[in-house]
There are 2 protein chains.
Amino acid sequence: MIDLAFDENGLLPAITQDDETGEVLMLAYVTEEAVAKTEETGFAHYYSRSRDELWKKGATSGHVQHVSDIRVDCDGDTLLYLVQQDGGGACHTGYRSCFYRTLSGEVVGEKAFDPEEVY
Amino acid sequence: MIDLAFDENGLLPAITQDDETGEVLMLAYVTEEAVAKTEETGFAHYYSRSRDELWKKGATSGHVQHVSDIRVDCDGDTLLYLVQQDGGGACHTGYRSCFYRTLSGEVVGEKAFDPEEVY
């Protein structure tokens, strides 16, 4: 087991990547508890900094993430979750990926669902 | 131009993905200046928190990253650099990706170069 370098708030960034398409879906933060829950259950868990709580992705929307592997970077301070995304999209806006825009604001991502029907 | 939500230290995480293979290569932090330099030059720039300075990836190793696009996430607080990686690998350990290990410590990544010959 690799020692993870959590920051002063007990957090690490976790990148979430679609295991089949390779698409980067989102980035969120994890605590030690979130990583343990992810390993235990096979569903991606994160820590919501705004709500200040452990968060199972898809608990509200049903769009859970099945985690097939967790990778650690060279410094032990970033994780990579490899997942199968239920419901077509990871982003609360309805896009498949949270990274659906370029820096200039052009929308290049694919809409996967209607957020009004899900939330 | 999307307003970026830099944190209290003026930083944002940037994920770096190989534009051709889809492989996630690394995560590093950027300042407003690093993003501007990246856009200006077409080469990935980051901010080194340990050295406390703007950092052109590959300045020492020659393993620069040609940035073809920059994506922004829904909250404007994470970037995704799409790059072509020179020299075969992004990681200072010689692996192609910094995410070359599983959580249990198994090495699953591909060695791309010998770091002793590069640094």
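Predicted model: local features only at pLDDT ≥ 70, side-chain atom pairs only at ≥ 80, totals over all residues.
**View 1**
Chain A contains 2 helices and 7 strands. Read from the N terminus, the order is β-β-α-β-β-β-β-β-α. The C-alpha atoms fill a box of roughly 40 × 30 × 30 Å, taken along the principal axes. Of the 119 residues in chain A, 39% are buried. Take the contacts between residues at least 6 apart in the sequence of chain A: 38% of them join residues at least 24 apart.

**View 2. Confidence in the model.**
Chain A has an average pLDDT of 96. In that chain, 100% of the residues score at least 70. For the model, ipTM is 0.96 and pTM is 0.97.

Helix α1 of chain A spans residues 32-41. Which of its residues are buried? They are Ala34(A), Val35(A) and Thr38(A). Seen down the axis of α1(A), these buried residues fall within an arc of 100°, so they line one face of the helix. An α-helix has 3.6 residues a turn, so residues three or four places apart point the same way. On the other side of α1(A), the exposed residues are Glu33(A), Ala36(A) and Glu40(A).

**View 3. What helix α1 of chain A packs against.**
After α1(A) comes Gly42(A). The phi of Gly42(A) is positive, near 80°.

**View 4. Asp52 in both chains.**
Where does Asp52(A) lie? Asp52(A) is in the loop between β3 and β4 of chain A. Asp52(A) is not a glycine, yet its phi is positive, about 60°. Asp52(A) counts as exposed because it has 8 C-beta neighbours inside 10 Å, and a residue with 12 or fewer is exposed. Now turn to chain B. Asp52(B) sits in the loop between β3 (45-48) and β4 (53-56) of chain B. Its phi is also positive, about 60°, although Asp52(B) is not a glycine. Asp52(B) has 8 C-beta neighbours inside 10 Å, so it counts as exposed.

**View 5. Leu80 of chain B and its contacts.**
Leu80(B) belongs to strand β6 (residues 79-85) of chain B. Is Leu80(B) buried or exposed? Leu80(B) counts as buried, because it has 23 C-beta neighbours inside 10 Å. The cut-off for a buried residue is 20 or more. Leave aside its neighbours within four places in sequence. Leu80(B) is then in contact with Val24(A) and Phe99(A) from chain A, and with Ile15(B), Gln17(B) and Arg71(B) from chain B. Leu80(B) and Met26(B) are 54 residues apart in sequence. In space, their C-alpha atoms are 10 Å apart.

**View 6. How the two chains are related.**
Two copies of a chain are related by a rotation about an axis and a shift along it. Here, a rotation of 180° with 0.0 Å of shift along its axis superposes chain B on chain A, with an RMSD of 0.0 Å. The two copies are thus related as by a two-fold rotation axis. Which C-alpha of chain B is nearest the axis? That of Gly22(B) is, 2.7 Å from the axis. The same surface serves both copies, as 100% of the contact residues of chain B recur in chain A.

Conventions:
Residues numbered from 1 in each chain as written. Chains lettered and ligands numbered in written order. Helix = DSSP H or I, 4+ residues; strand = E, 2+ residues; numbered from the N terminus. Contact = placed C-beta atoms within 7 Å. Arc of directions from axis to C-beta. Least-squares fit on C-alpha atoms with pLDDT ≥ 70 in both. pLDDT = per-residue confidence, 0-100.
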